[in-house]
Amino acid sequence: MRDAPLVLGIETSCDETGIGIVRGLTLLADEVASSVDLHARYGGVVPEVASRAHLEAMVPTMERALATAKVKLSDVDAIAVTAGPGLAGALLVGVAAAKGYAVAADKPVYGVNHLAAHVAVDTLEHGPLPEPAIALLVSGGHSSLLLIDELSRGVIPLGATIDDAAGEAYDKVARLLGMPFPGGPPIDRAARDGDAAAIPFPRGLTGPRDQVRHRYDFSFSGLKTAVARWVEARQRAGEPVPAADVAASFQEAVCDVLTAKAVDACVEHGISTLVIGGGVAANSRLRALAEERGGAAGVTVRVPRPGLCTDNGSMVAALGAHLVAAGIPPSRLDLAADSALPVTTVTV
Ligand code: KG4
Ligand code: ZN
């Protein structure tokens, strides 16, 4: 185990300044400074505010991570950093920091894909990822279904959202119900006291024609609108809005589609491992339904613990360690942050 690469990961693609340190598959430190409270009053992440917060949090978060892992920067074998996709200014802070630390300590640097990192983080909890695997990535910015033949070489996109991301739908519906941002956790909690069958909200892109053109794509915009109309109708009629039932029924519509398509992709491709990542993977209903449907189809479902599902530096470190172990060469020191980095590019 001592031969496993010691890798430090830096994540700044959205509102979390994350520094993680791993030795191979072992997590040594996972320090996250979130600026989510600064964005809450706006109901969404404000890019300039996030960039500034990353700048302020970078050095103290780095110091905490090194202290927790009981290592020095000079001990690490490589530095990995999220190069994209994400908010341009936020990414820039992480990439600039990674380059600075890499030059100062004379270390190789790997610019990596945020989505691939969400997949790789599961190895810290459940060991090496059996390949091929299917990955379902659901966060505030993305909802993708990916085929993973060999993570170090790239991923093959099977489908993605054609409008809102799953997390974005949670955030918007929460706002509608007067719940705080980010909306995933309060809806998850409220749904526990609600009836998931109370309101038959639509399941996007599941009609017969969609099964041909959008087999593995998602759409949550229509669902969000349906929830808004339903709530408005109740308010107009002067009736109380049963928030728990709305939350549970909305959540069921999201999780039903996500898990059905993910398990279908596994079955159709003859793949027996499904890994779920991204902030929405912290959702209790998504986890339970994926287990249930995966189990029935002979698919092993792997979901990291909630703290590793949301954005963090450990996921970046985990992917970096995977790349080092696979003998993938590091990035050039002039690597650029790319806010629209395609999911097919695992390292720049
Ligand atoms: O991966 P992440 O931390 O950041 C992005 O890359 O977007 O995901 C954040 C998203 C937010 O939309 C948040 O509402 C959602 O993940 N989320 C959840 C839960 N926890 C966080 N959604 C549903 N249920 C949860 N328990
Ligand atoms: Zn993310």
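A pocket, on a 1 Å grid over the protein atoms alone, is an open set of points with protein on both sides within 12 Å along at least five of seven lines. A molecule sits in a pocket if more than half of its atoms lie within 2 Å of its grid points.

This is a predicted model, in which local features need pLDDT of at least 70 and side-chain atom pairs count only at pLDDT 80 or more, while totals for chains, interfaces and linings use all residues. Residues are numbered from 1 along each chain as its sequence is written, ligands are numbered from 1 in the order in which they are written, and side-chain values use heavy atoms, without hydrogens and water.

**View 1. The pocket of ligand 1.** The largest pocket is the space taken by ligand 1. Helix H4 (114–120), helix H6 (166–176) and helix H7 (184–191) each give two or more residues to the shell around the ligand. Helices are DSSP runs of H or I with at least four residues, strands are E runs of at least two, and both are numbered from the N terminus.

**View 2. The shell around ligand 1.** The ligand is surrounded by 20 residues, each with a heavy atom within 4 Å of it. Gly140, Asp171, Gly184, Gly279 and Asn283 are the closest. The shell has 12 polar, 5 nonpolar and 3 charged residues. Gly counts as polar here.

View 3. A polar contact is a pair of N or O atoms within 3.5 Å. The side chain of aspartate 188 places an N or O atom 3.0 Å from a nitrogen atom of ligand 1. At glycine 167, a backbone N or O atom is 3.2 Å from an oxygen atom of the ligand. A polar side-chain atom of serine 139 lies 3.5 Å from a ligand oxygen atom.

**View 4. An aromatic pair.** The structure holds 2 aromatic pairs, counted when ring centres lie within 6.5 Å. Tyrosine 170 and phenylalanine 250 have ring centres 5.0 Å apart and planes at 75 degrees, so they are edge-to-face (planes over 60 degrees apart). Tyrosine 170 is in helix H6 and phenylalanine 250 in helix H10 (residues 243–268), so the pair ties together parts 80 residues apart in sequence.

**View 5. Cis bonds in two loops.** Most peptide bonds are trans. The bond from glutamate 131 to proline 132 is cis, with omega near 5 degrees. Proline 132 is in the loop between helix H5 (123–126) and strand E6 (133–138). The bond from phenylalanine 181 to proline 182 is also cis, with omega near -5 degrees.

Key:
A polar contact is a pair of N or O atoms within 3.5 Å; within protein, one must be able to donate a hydrogen and the other to accept it, and residues adjacent in sequence count only if both atoms are side-chain atoms. On a 1 Å grid over the protein atoms alone, a cavity is a set of points where a 1.4 Å probe fits but cannot get out, and a pocket is an open set with protein on both sides within 12 Å along at least five of seven lines; lining residues have an atom within 4 Å of a point. Rings of Phe, Tyr and Trp (its six-membered ring) pair if their centres lie within 6.5 Å; planes under 30 degrees apart count as stacked, over 60 as edge-to-face and the rest as tilted.
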